[in-house]
Amino acid sequence: MIPNEDFITNRVTNWTFTNPKGRVEILIGVSYNSDIEFARELILQAATENERCSKDPAPQCYLREFADSSVNFLLYFWVDDVTEGRFEPQSDVMRAIWRKFKEHNIEIPFPQRDVHIKSKDV
C-alpha cells in the first residue's frame with residue numbers, strides 16, 4: 001500500500017514492472033525444548049521443496065528472537081512471478097513446515113499463563 005501523498009510528493013519505484021519476482025516472509029516459533037538447528041533445517045527444506053519457491057535467490061532462514069513462549073525464526077523466500085500470487089506458496093510452505101515439525105516432534109508453542117486468584121477471605 002502506498003499513500004496517495006507519496007505518489008504526489010515522492011518518487012515511487014515499481015519493482016515488479018521490470019522484475020516479477022516477489023519475496024514472501026513467514027514467522028515461525030518453536031519450543032525452547034526444540035533443537036533449533038534441526039528446526040531451521042526443516043524450515044529451509046519446506047521452502048526449497050516447494051515448486052513455487054525460487055532457487056535463485058535461495059530461501060533464507062534467520063533466528064530472530066528469544067521470545068516469551070518461543071524461539072522465533074524468520075523465513076524469506078522468493079516466488080518467480082508475484083503476479084501469480086504470494087498467498088498460495090506461503091500457505092503451502094507453512095503446511096509443509098507444520099507436517100515436518102509434527103513428523104519430527106518439534107513443537108510450535110502457544111502462550112501459556114499461570115493465573116493466581118487471591119481472595120480477601122484468605
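**Exercise 1.** Determine in which sense E1 and strand E3 pair, and over how many bridges.

*Solution.* In this predicted model, begin with strand E3, which spans residues 71–79, and follow its pairing with E1, which is antiparallel and extends over nine bridges. A residue pair to locate on the way is Arg23, which stands opposite Trp78 in E3. Then place these strands in the whole sheet, which is open, has three strands in the order E1-E3-E2, and is paired in the antiparallel sense. The edge positions belong to strand E1 (22–30) and strand E2 (60–66), each of which pairs on one side only. Finally, consider the twist, which averages 25° from one strand to the next.

**Exercise 2.** Identify the strands across which helix H3 and helix H4 lie, and state the angle given for each helix.

*Solution.* Take helix H3 (residues 36–48) to begin with: it lies across E1, E2 and E3, and runs at about 20° to E3. Next turn to helix H4 (residues 87–103), which lies across E1 and E3 and runs at about 25° to E1. To set these helices in context, read the elements from the N terminus on, where the order is α-α-β-α-β-β-α, with four helices and three strands in the protein.

**Exercise 3.** Decide whether Phe66 is buried or exposed, and find the surface patch that contains Phe66.

*Solution.* Locate Phe66 in strand E2. Its relative accessible area is 59%, and because the cut-off for an exposed residue is over 50%, Phe66 counts as exposed. The patch is nonpolar and is formed on the surface by Tyr32, Leu63 and Phe66, which together have about 340 Å² of accessible area.

**Exercise 4.** Describe the backbone at Pro57 and at Asn105.

*Solution.* Pro57 is found in the loop between H3 and E2, and the peptide bond that leads from Asp56 to Pro57 is cis, with omega near 5°. Asn105, in the segment after H4, has a positive phi of about 55° although it is not a glycine. Asn105 is also exposed, with a relative accessible area of 71%.

Key. Residues are numbered from 1 along each chain as its sequence is written. This is a predicted model: local features need pLDDT of at least 70, side-chain atom pairs count only at pLDDT 80 or more; totals for chains, interfaces and linings use all residues. Side-chain values use heavy atoms; hydrogens and water are left out. Two strands pair if DSSP finds at least two bridges between them. Helices (H or I, at least four residues) and strands (E, at least two) are DSSP runs, numbered from the N terminus. Axes are lines fitted to C-alpha atoms, for helices over the stretch in contact, and angles run from 0 to 180 degrees between N-to-C directions. Contact means heavy atoms within 4.5 Å. Patches are made of residues with over 30% relative accessible area and no salt bridge: like charges are joined within 9 Å, nonpolar side chains (Val, Leu, Ile, Met, Phe, Trp, Tyr) within 5 Å. Accessible areas come from the Shrake-Rupley method with a 1.4 Å probe; for residues, only the protein chains shown count as cover. A salt bridge is a side-chain nitrogen of Lys or Arg within 4 Å of a carboxyl oxygen of Asp or Glu. Buried means under 20% relative accessible area, exposed over 50%, partly exposed in between (1.4 Å probe, protein chains only).
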